[in-house]
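Hello,

Here is the structure I said I would pass on. Please look at it first, then read the notes below.

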Amino acid sequence: MNRLIAAAVLAMLAACAPASAPPADAPPAPVAPAAVTVPAGRYTLDKTHASLIFRVDHLGFSRYTGRFADFDATLDFTPADPARMALDVSIDPRSLAVENPPAGFLDELLGPQFLNAAQFPRMTFKSTAVELTGPTTARVTGDLTLHGVTAPVTLDVRYNGGYEGHPMDPNARIGFSATGALNRSVFGIAYGIPAPGTTMGVSDAVEIIVEAEFSGPPLAAAAAP
């Protein structure tokens, strides 16, 4: 995700370069936004503007949704050299939240048959590679450690923009949206997976949805003594 953000910023700036003149009878072209400078440095997750959601198929009738409330991330952001960037995410599985859980249901999800949070109290994601798929999009691969197993997971990420700071928000800020999927059986969580040819259970496939903003170095004017 970190390398995506840098590459997307550079691609967006390149997209603002002048193009050849349109025909005389062509409608007016929209005005391109001004180029935005986003400084390099250490960025931290703005937890008040971030969400980590998952969905699984339940009996073929619905996409059952949950979220993790306690997670954090750091991003070493170097736009001039995206290869040097690094993203590190940490998630507390015990912060799992679902809508209207029946009595004992959360304990079951956190217990040995599913997350086994007592034995594995931390999930992590560390980025390892990025493949650009468009001016503001990419596929980002990282190592996810879940339930004591580490395996690669790929996310489709969209860079949403950024700025170097604002008088009301005197730090650089960048934001992105990401989606992905994993098979929970890869991580040793196979309880309740439907038998082949049926939907009687909870799907092996887990959909991941991320929204996140990062706060970075202070605005130059605000940082001046």
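Strands β4 (residues 71-77) and β5 run antiparallel and are joined by six bridges. Strands here are DSSP runs of E with at least two residues, helices are runs of H or I with at least four, and both are numbered from the N terminus. Two strands count as paired if DSSP finds at least two bridges between them.

Before going on: this is a predicted model, in which local features need pLDDT of at least 70 and side-chain atom pairs count only at pLDDT 80 or more, while totals for chains, interfaces and linings use all residues. Residues are numbered from 1 along each chain as its sequence is written, and side-chain values use heavy atoms, with hydrogens and water left out.

The largest nonpolar core has 42 residues, and Tyr43, Phe68, Ile174 and Phe214 touch the most other members. Such a core is a set of buried Ala, Val, Leu, Ile, Met, Phe, Trp, Tyr and Cys residues joined through side-chain atoms within 4.5 Å. Not counting residues up to four places away in sequence, tyrosine 43 touches a list of residues including Val38, Leu75, Phe77, Ile174, Phe214 and Pro217. Contact means heavy atoms within 4.5 Å.

Alanine 117 sits in the loop between α2 (105-110) and β7 (123-134). Alanine 117 counts as buried because its relative accessibility is 4%. Residues up to four places away aside, its contacts are Pro93, Arg94 and Leu110. Serine 51, in strand β2 (residues 51-58), is also buried, because its relative accessibility is 18%. Beyond its neighbours within four places in sequence, serine 51 is in contact with Arg67, Phe71, Ile209, Val210 and Glu211.

Salt bridges

Side chains of opposite charge can pair when their charged atoms come close. A salt bridge is a side-chain nitrogen of Lys or Arg within 4 Å of a carboxyl oxygen of Asp or Glu, and by this rule there are 11. In one of them, glutamate 207 meets arginine 55 at 3.0 Å, N to O. This pair links distant parts of the chain, with glutamate 207 in strand β11 (residues 202-218) and arginine 55 in strand β2, 152 residues apart. Arginine 173 and aspartate 169 form another, at 2.7 Å, N to O, and both residues are buried. Asp46, Asp169, Arg173 and Glu213 are linked in a network of salt bridges.

Confidence

The protein chain averages a pLDDT of 84, and 80% of the residues score at least 70; pLDDT is the predictor's confidence in each residue, from 0 to 100. Over residues 1-22 the pLDDT is below 50, and this stretch has 51 contacts in the model beyond near neighbours in sequence. The pLDDT is also below 50 over residues 27-34, where the model has one such contact. Where pLDDT is low, the predicted coordinates should not be read in detail.

Regards

How values were computed:
Buried < 20%, exposed > 50% of the residue type's maximum accessible area, 1.4 Å probe, protein only.
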